[in-house]
Amino acid sequence: MSQEKVERYKKEKAHRKQTIKKQKMKSFTARAAGVLVCAALLGWIGYSGYSKWEASQPAKTTEITVDALSEYINGLSAED
């Protein structure tokens, strides 16, 4: 090997730990970003599907009769 190759090998060997650490960090950030994108996509699809399902359901209505309350209030007013 030429002296240039030997020097390059020594330099690479001296910085190998930092290089591996950088590669692991890049890999981790890429995976984390992918997981976040997938989670956001799944959340959006789920929300959209639920919204469409709710829109297709008939509206729920509740009827309340207040006749007894009205009679009570009228009875109180009549006694005054």
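Author: Tyr50 and Trp53 sit three residues apart in helix α2, so about one helical turn separates them. Helices here are DSSP runs (H or I, at least four residues; strands are E, at least two), numbered from the N terminus. The model is predicted: local features need pLDDT of at least 70, side-chain atom pairs count only at pLDDT 80 or more, and totals for chains, interfaces and linings use all residues. Residues are numbered from 1 along each chain as its sequence is written, and side-chain values use heavy atoms, with hydrogens and water left out.

Reader: What makes Tyr50 and Trp53 an aromatic pair, and why is it called tilted?

Author: Rings of Phe, Tyr and Trp (its six-membered ring) pair if their centres lie within 6.5 Å; planes under 30 degrees apart are stacked, over 60 edge-to-face, the rest tilted. By this rule the count is one aromatic pair. Tyr50 and Trp53 come in at 6.1 Å centre to centre with 35 degrees between the planes, hence tilted.

Reader: Why is Ala55 called exposed, and what is Tyr50 called?

Author: Buried means under 20% relative accessible area, exposed over 50%, partly exposed in between (1.4 Å probe, protein chains only). Ala55 has 65%, so Ala55 is exposed. Tyr50, at 49%, is partly exposed, and Trp53, at 47%, is partly exposed too.

Reader: How do you know that α1 is hardly covered?

Author: Among the twelve residues of α1, the count of buried ones is zero.
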